[in-house]
Amino acid sequence: MEAPSNVAPRRDLPPVLALVASLVLVRLLLACSGSNTIERGEEFVRAAAATALTGGLDLPLARLFYHPYEGGGFVHAILTAGGMTLFGPSLLTHKLIAIGWEVAVLLAGLLLVREAFGRRAAGWFGALWILAPLAFQKVALLNLGIHYQALLFQFLLAWCGLGLLRSEPRRALLAGLVGGFGLFYNYQLAAMIGLLGAGLLLTRSLSPGAWGRLVLGFLVGALPLWLMVLAVGGEVIDIHGQTLGETKPDAIGVGEVLRGLGVWLGPRAWVQLLLFLA
């Protein structure tokens, strides 16, 4: 006889809470270690935008974005405004926001891995996430709202996608909301949205009604992006002076990227990464 469906969540709660507490403790220790590499100037751009939000600076809201395409940065500017109200303007406030966001990323990752591979695999995922190579832990402590933090939406969209590909239409609306807002947050979600859409079309996993909820959720979730388009037009696809799809003549190749990663991560981090893959 199968256990009632509400037993599994209750059984999972203690280990999940233990993982969350461990993550917070490890990251707080690192944040308070005095390392001079756990801050980046762009964090203070979030603080400047947060100050403008709370101080009533007479600027259009769309112009408080660090870049018009960078929705995630503005999301973190709003979070920073709340953090500064509660804890005051300090570097620790940035770190607390980053840790709080990483807790959400960890929970989303646990949700995805548990559904895809089972409870034990989720436990290993959480432990390895907490004890990641030091370089990755430091990146996680940056309150930026960019590529790393977008993992929250990638994990959630992948979890929704698993359900949809298994013909579970109840996740259609949530998948659309996550995909739409995730695209506003960071454009790297575009590839994942395209792959999921192609998979759903090829497998014919959704009914017309579920497709309708999926599209509606996407349109609503991406509403901040549509508002930005109305406010600044084509600037939303201007990435540091480069339009999407444009290739710069001095763009670096894959080899340069890999060599740069080798120098940045260091030999010990690469050994940890190889052990993780093994």
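Trainee: What makes the classes in the lining of the second largest cavity?

Mentor: This lining has six nonpolar, three polar and one charged residues. Ala, Val, Leu, Ile, Met, Phe, Trp, Tyr, Cys and Pro count as nonpolar, Asp, Glu, Lys and Arg as charged, and the others, Gly among them, as polar. The lining residues are His76, Ala98, Trp101, Glu102, Ala140, Leu142, Asn143, Leu144, Tyr148 and Gln149. Glu102 is on that list, and Glu counts as charged.

Mentor: The model is predicted: local features need pLDDT of at least 70 and side-chain atom pairs pLDDT 80 or more, while totals for chains, interfaces and linings use all residues. Residues are numbered from 1 along each chain as its sequence is written, and side-chain values use heavy atoms, without hydrogens or water.

Trainee: Why is this called a cavity?

Mentor: On a 1 Å grid over the protein atoms alone, a cavity is a set of points where a 1.4 Å probe fits but cannot get out; lining residues have an atom within 4 Å of a point. A volume is the space filled by probe spheres set on the points, which are joined across faces, edges and corners. The second largest cavity holds about 30 Å³. The count is two cavities of 30 Å³ or more.

Trainee: What lines the largest cavity?

Mentor: Val45, Arg46, Ala49, Leu64, Phe65, Tyr66, Gly73, Phe74 and Ala77 do. Helix H2 (41-55) and helix H3 (71-87) each give two or more residues to this lining. Helices are DSSP runs of H or I, at least four residues, numbered from the N terminus. The volume of the largest cavity is about 40 Å³.

Trainee: Why are H7 and H8 called roughly antiparallel?

Mentor: Helix H7 (residues 151-165) and helix H8 (residues 172-185) pack at an angle of about 155°, with axes 9 Å apart. Axes are lines fitted to C-alpha atoms over the stretch in contact, and angles run from 0 to 180 degrees between N-to-C directions. Angles over 145 degrees count as roughly antiparallel. H7 and H8 are therefore roughly antiparallel.

Trainee: Which residues of H7 meet H8?

Mentor: Contact means heavy atoms within 4.5 Å. Among them are Phe153, Leu156 and Trp159 in H7, and Val178, Phe181 and Tyr185 are among their partners in H8. By class, this contact has 12 nonpolar, two polar and no charged residues.

Trainee: How do you know the orientation of H9 and H10?

Mentor: The axes of helix H9 (residues 189-203) and helix H10 (residues 208-221) cross at roughly 170°. H9 and H10 are therefore roughly antiparallel too.

Note on methods
On a 1 Å grid over the protein atoms alone, a cavity is a set of points where a 1.4 Å probe fits but cannot get out, and a pocket is an open set with protein on both sides within 12 Å along at least five of seven lines; lining residues have an atom within 4 Å of a point. Angles under 35 degrees count as roughly parallel, over 145 as roughly antiparallel, 65 to 115 as roughly perpendicular and the rest as oblique.
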